[in-house]
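The report below takes up the contact between two chains and then a local feature of one of them.

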Amino acid sequence: MRPLPSREAAATFAIVLALTVGGGSRAHSALGPRYGGELRIALAESATTLAPSVPRGLTERILAALVHEVLVDVDDEGRPRPALVQSWASAAEGREWTLRLAPATFHDGTAVGSADAVRGLRRFLRADSVAAAHLARVLEGGDDFRRRGSEALPGITAIDDARIVLRFRLPAAVPLAPLASPAAAIVSPRGAGAGPFVPTTPPSARGISVTAFGRHVRGRPFLDVVRLVSAAPDRASRSEVAVPDVGPAATPSPPANGLLLLLLDPAAPPLADARTRALIAASVDRAQLARHFLPGGEPAESLLAPTLLAPLPVPSPRAAPGPATLAGRLVLRVASDVPQSASQRVVAHLTALGLEVQAVAASAGPASSQPRLLVWYPEVAEAGLALEELAALAGSAAPIRSALEAADGLRDFDRRRAELQRVEESLRAGHVLVPLARVPLPLGARPGVHALRATASGSLVVEDAWVEP
Amino acid sequence: MSLRAEAARRGHGLRGRLLAAFVLVAVPPLLLFAVFVMALLSDRLERAAGQRLRQGLDGVRARVGALQHQAETAVAAIVRADLARPASSEEDARQMAATLGERHGLPLLEIVDGSGRVLSSRQWPAGVGLPEGDREVAGVSHLRWETVASDYGGAERMAVVATRPASWGGVPVVVRGGFPLDAEMLGELSDLMGSEVALRDTARGRWVARPDSPLAQAPGFDPSKGEGTTDVSGTAYRWAAAPLGASLWEVVAVPHTLLADVTGDVGKLTLGVAALALFAALATALVLSGRIAGPVRALAARARGVGAGDLEHTAVEAADEVGELARAFASMTYELKTSRERLVQAERVAAWREMARRLAHELKNPIFPIQLSIETLRRALDQDGAQDAGRFQSLFRESSDTILDELRSLRAIVEEFSQFARMPPPRLAPTDLGELVERVLALYRARAATVKIETSLAPGLPTVPADRDLLARALGNLVANALEAMPDGGTLAVKTRAAEEGVALEVSDTGPGLTEEQRTRLFTPYYTTKKGGTGLGLAIVQGIVSDHGGRIQVQSTPGAGTTFTLVLPISIMAEATT
């Protein structure tokens, strides 16, 4: 959490100290955060919308974090933390949660009230989102509302201008986690966000500019301006792309929160046989892949990051009974955020097995089940929701969905964790979802940019970042 | 009408013949020339295309050979100098192929261990540590399908490679380096040679060609034929192929459009010129035929006029031979006119003389008896009057009888002359000849005691415009003459039939017939072969027939009989001048 407005006093003191002591650029960083400055972030894709939705790529994830604010956020370990909601309390054995809104303002100057929260949640419940589907399933009247069978939603009510009550059908372990989805961001009736930065230009192919919002719920960000510019040579001006503060890096910085995921669609003829999928899953040398073809990457044997869910020990891959070589043709759709070297390595592995592979580019973001290679980030960095999202990606059968629902009802975190670990293991066992490596965001910051960090959901937290003059 | 039609047909025929002649002279040679030119062009272009194809094939082979030599030189240098020391690290080993390839100018370079595992690769670093999956072209050691990095995966590229065993830090390896024979290189070759160059792997059914190469779209292409033509999207290509390996072919193609364009242009030009020649021929034919046929037609019209009796001189303007003919015709017409006038004069004179002779003869006969009778009476009066009154009275009565008879005869002669001179104009009305014949014959059947009368009247004959009385008189004269020609019996045949000019009426007898002289003078007034005849009967018949716009002709054989034929028109014709 960003420091409260008293950080201005600390910054002032730091400046005075620097002037007193004197010094060069090292002194600047040693002084700590400073207000002001501009950050230019070069990205491969441009954003096309500012409306709250599940982000379909790195640019949309970063922009959502810049411009919007959710009711409840989660930390890197999936634990809820306040955002527009400053506190919450449960009742009725965890089936009723009262959320108190923090005094916050939208970008258009209007105050954030319970009516805005209710309107936002109602919109969110009908969004194309795994978290929204989960919330609709557990809220009273949520399923019917989501299916548009009814406009009544008894599960959400505003009891006054600052409080809303959520009523659940059953007690849940982390009932508020879905509210951290970027699709659940709260906007004013005119569509203005409540995030730390205000858009000053509409999104376009060239990019978008945002300025610091002084009345953000967590205080004014340090940076004055953030510009997201397109790194495509045919779009952005040379001057903007030439010197970005943050841009594509040969060696991206940690943490490696993204999952390089190979999705083997059983509907594709060579992959219908589970032994074939097992052979593919076992044939990829993840260590070599991460070390030589994924700068900043780490081999991954489990689907979720250890920070989200500690994995069960994964047995050493054994040569699966069945064919040692394969035959057939495969069209592998590769998401644009997958490094080409990694994709080529995966294709080389598949080709070495005897498959004829054609790798084609596919749009980033979740899509229908097809043989795909993608970098996956959870919509909400919470283990249960993340597994639910992965299960939907794999088109998993009912037993896994049932196990997830059962785990969601466990309020004992240890038991819940064990259950989720078994679900994760089951997901891996089908070899439809083949984790290959953890990858960091494909971005690197120049020296002089500080406090820029990536989230487990694949976004950048810019509100705490600052730049040296 | 038929003469006019025939004359018109002759005019058009001359024009048509002239046109046909000009067309035959102008167009066929032009077409033959065009065919010859197209054949010559086609042959030359085919030869040129064949030469280009051969040069293209040679060029590809030369290029492949040059690349192979270059690869062998570079690989040999690498083996000799650069692999003595092992790599300092795993990363160094993985990068070795890229480094050495960059240094020696080899876009493709791989180092493979003894088990076929790739130790380092410049073009496919993703394959390092994995079995080599490249494929050789059957029967050719220096051509291979190499995997190269391409976007998110790998792509196979045909390559010219050189392979050498080596030792890398003491480890036996194989170094393979070379150059891609990819679409880009083939595209450069294509542009250089001005023809489409491609490679065809028949074993894998793949083309190596630039993206827009028409060869890659050719349906059912079989390079083993060596050469041929193929059609791609409406464009014909001539191609030649040569093997680079058991299943790899180099193919060179050139568009056939040039030949098609040139022959098409020549064809169009020929058609255009032929059309112009045809038009010029038509125009010339029209002009010339007009200049030739015009005077000829005018001359024909003048001839028709002459035939109709118009002998007035009308000049026909024309040049050259036609003009000469026109002048000769005019001269002839003039001579004809003067001759006719002289003839008419002579005939008039002859007719007057004949009439005078006949008149003199006719008058002389009755006049002499009258004179004799009067002289007898005077003599009798002088001699016997005083002595014998009775004898004088008897003689007076006899002589007066004679005088009265001769006077009646004279009166009859005068009456006939008067009738001939006062022949009235016919009053024409539609007349059925068959009915007329029956009516006239009915009058003469009583007189034809020993003569057999036969009639042959054609049914359905059209009526003729005729004066019934005059025509009956003419027919009656002919019938009377025929009966008089057969005093001892015979056959009188009267026949009606259709004729070209109208209707024909024939009166035939089986009498003694006429001599040639008699026949020619038959219609001369006052000519007669009968005793006591005035000689006007047939002249009257001729006059009546002439007044009806018809004509009369006679056929006779001495001893066999005579046939008179009257031809009457079924419409009024122009009067003939007499």
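In this predicted model, the area buried between chain B and chain A is about 1,300 Å², with carbon and sulfur atoms giving 56% of that area; buried area here is the accessible area (1.4 Å probe) that two parts lose on being put together, summed over both. The contact, meaning heavy atoms within 4.5 Å, is described by the values below.

| Item | Value |
|---|---|
| Residues from chain B in the contact | 16 residues |
| Residues from chain A in the contact | 18 residues |
| Polar contacts between chain B and chain A | 10 residue pairs, both at pLDDT 80 or more |
| Salt bridges between chain B and chain A | 0 salt bridges |

A polar contact is a pair of N or O atoms within 3.5 Å, where, within protein, one must be able to donate a hydrogen and the other to accept it, and residues adjacent in sequence count only if both atoms are side-chain atoms; a salt bridge is a side-chain nitrogen of Lys or Arg within 4 Å of a carboxyl oxygen of Asp or Glu.

On the side of chain B that touches chain A, at least two residues each come from α2 (90–104), β4 (140–150) and β5 (153–168) of chain B, and α2(B) supplies the largest share, 3 residues. Helices (H or I, at least four residues) and strands (E, at least two) are DSSP runs, numbered from the N terminus.

Within chain B, strands β1 (residues 108–113) and β2 (residues 118–121) pair in the antiparallel sense over 3 bridges, where pairing requires that DSSP finds at least two bridges. B:Ile111 has B:Ser120 in β2(B) as its bridge partner, and the hairpin formed by β1(B) and β2(B) has 4 residues between the strands, with B:Gly116 in the turn showing a positive phi of about 85°.

Residues are numbered from 1 along each chain as its sequence is written, while chains are lettered from A and ligands numbered from 1 in the order in which they are written. Local features need pLDDT of at least 70 and side-chain atom pairs count only at pLDDT 80 or more, whereas totals for chains, interfaces and linings use all residues, and side-chain values use heavy atoms, with hydrogens and water left out.
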